[in-house]
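Please look over the model shown here.

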Amino acid sequence: MSNSGSIAVPAINPPHSGRRTELLSTAANSAAGLVEGFFEWFGNLGIFFWQVLRAAVTPPYEWRELIRQLDEVGSKSFPVVVMAGSAIGVIISLEARYSLSRFGAKSMFPATLVYSVIQVMGPIITGLVVSGRVGAGIGAELASMKVTEQIDAIEASAINPYRLLAATRILACILMLPLLTLVSDACGLLMGWFAQTLVEPLSFHQFIQDGFKGATFNTFLPQTFKTAVYGLIIGLIASFQGMRTRGGAEGVGRAATNSVVLASLFVILADVVLVKFILVVFP
Amino acid sequence: MATAYDIAIKQEQSEKDGIAPVIAVENLRKTFGSHMVLNGISLSVNRGETLAVLGRSGTGKSVLLRIIIGLETPDSGSVCIHGQNIVGLAIDRMGEIRKKMGFLFQHAALYDSLTVAENVAFPLVHHRKEMSRSERGERVNQLLAEVGMKGDFGKMPSDISGGMQKRVGLARALALEPEILLLDEPTAGLDPISSGEIDDLILKLQRERKMASVVVTHDLHSAKTIANRLALLDQGNVVIEGTFEDLQQSNIGFVEDFLKLS
């Protein structure tokens, strides 16, 4: 029966509220998924690191593969580190001369160059360059081995892939990064001095004497050897990304890209922590 | 009280007598997400016996093989190799058991940066450290000759055909003289002549080495040639297990269809 005498009650909820709730719920689920994915990634990285660590400290040791990886990470990164270090030296030299001249502090040029290259730019630039070259290489190589079942074949042959593939690469990165940093620093100083000398002659002996005046081992060694931590980050993240790849050629590309992006990002973040740590421990 | 050594000796004798199986799979279950791949499978293989596992694509045949060698972990159930349950074993402990197993991957999975000879030598380099370089070279030549690849030892995997890659994969699987051989689609993607050659090779190896083998295949003809027993899988279950004649005499609809269409 129709209720012709009653007044129609307007809807309390506006017509779009259902849709809005649905959108909010979807957004909340996506955010929850992202947070879950973030923690899952770190959890898996932690488990991976533990497996690698356990494999690395127990025999048999893969010396032959380690030497091959030292060559792969060290010798083959040498040219690109030399070029990057040299370029940084020239850039700092040009910038420093201009800035110091403005403040009438040209005599500070050698110390500025030495401290800028060795304490700041050399380590981080080496870390980023190696993370680009080696991180992508390790990520792509291991990912390609993973999708073609070569890693499974290694495991099926009763060989621990964490020991053979990951531990050797990570250790090679840890050992080679400080050495490559020294190379980069040396090239930076040499080319920085050379760029300065072209404009205003300065003997190399004088440059070194002024630059390192008052410096101790504590001034430079922690800054150089902190790059071993960069090596750990680069090797660990690239091996992790490579060995957990799924999905053919696309997966290989994704692993290589993620290795470089994540390794570079974590190198920069680690630098923030390490700089503060070194300032506190080695004042 | 019996020591672990005594138990191992007793197990070995039982396997030789054909009383205890070399591979015993019990009530194996495996799911990927919501997809049930294996739903309580039980199988066993004795010494010197070849079991062919047949079934449609995606019925979990390769997963079963990967679980037997420990590359996948089942959700439940047990896999006993020489009487020892391998489910949940640590990677290094599992490695000791894998030394007694050879695995031929569906796409051979050769190491693409190593030559044919280096691929075959790979397990020897890692597990036969007492071998001199010349002894190792001799063994590699012998293995390659066995699979008909003697002249190709210096070639890269990318320079040889799919059939040749499988032969090299088989030589690599045999390098440590395994007691168990697992073959994942050994004849898939090969022409009939190459398939026949691979089958003959597997038969020859079975005669000479008396291994316990599991062969996963789609190829009914190949299964009939090389296997003593066949197991037909469907939807994660063993539909029928027996000789080829048992399958032929079965009146199960799926078995009849499978035999008719193969």
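## Fold of chain A

Chain A has 10 helices and 0 strands. This is a predicted model. From the N terminus on, the elements run α-α-α-α-α-α-α-α-α-α. The radius of gyration of chain A is 27 Å, whereas the globule rule gives 19 Å for 283 residues, so chain A is more spread out than a compact globule. The table collects values for chain A.

| Property of chain A | Value |
|---|---|
| Span of the C-alpha trace along the principal axes | about 110 × 60 × 35 Å |
| Buried residues | 42% of the 283 residues |
| Contacts joining residues at least 24 apart, among those between residues at least 6 apart in sequence | 88% |

## One helix pair

Two packed helices are described by the angle between their axes and the distance between the axes. In chain A, helix α4 (residues 109-147) packs against helix α7 (residues 204-211) at an angle of about 70 degrees, and their axes are 7 Å apart. Because of that angle, α4(A) is roughly perpendicular to α7(A). The crossing of α4(A) and α7(A) is right-handed.

Which residues of α4(A) and α7(A) meet? From α4(A) come A:Pro110, A:Ala111, A:Leu113 and A:Val114. From α7(A) come A:Phe207, A:Asp210 and A:Gly211. The residues of this contact divide into 5 nonpolar, 1 polar and 1 charged.

## Contact between the chains

Chain B gives 16 residues to the contact, and chain A gives 11 residues. On the side of chain B that touches chain A, the elements giving two or more residues are α3 (91-98) and α4 (116-127) of chain B. The residues of that side of chain B divide into 9 nonpolar, 4 polar and 3 charged.

Note on methods
Residues are numbered from 1 along each chain as its sequence is written. Chains are lettered from A and ligands numbered from 1 in the order in which they are written. This is a predicted model: local features need pLDDT of at least 70, side-chain atom pairs count only at pLDDT 80 or more; totals for chains, interfaces and linings use all residues. Two residues are in contact if their C-beta atoms, placed from the backbone, lie within 7 Å. Helices (H or I, at least four residues) and strands (E, at least two) are DSSP runs, numbered from the N terminus. Ala, Val, Leu, Ile, Met, Phe, Trp, Tyr, Cys and Pro count as nonpolar, Asp, Glu, Lys and Arg as charged, and the others, Gly among them, as polar. The radius of gyration is taken over C-alpha atoms; the globule rule is 2.2 Å times the number of residues to the power 0.38. A residue is buried if 20 or more other C-beta atoms lie within 10 Å of its own, exposed if 12 or fewer, and partly exposed in between; C-beta atoms are placed from the backbone. Axes are lines fitted to C-alpha atoms, for helices over the stretch in contact, and angles run from 0 to 180 degrees between N-to-C directions. Angles under 35 degrees count as roughly parallel, over 145 as roughly antiparallel, 65 to 115 as roughly perpendicular and the rest as oblique. A crossing is left-handed if the near helix is turned anticlockwise from the far one by less than a right angle, and right-handed if clockwise.
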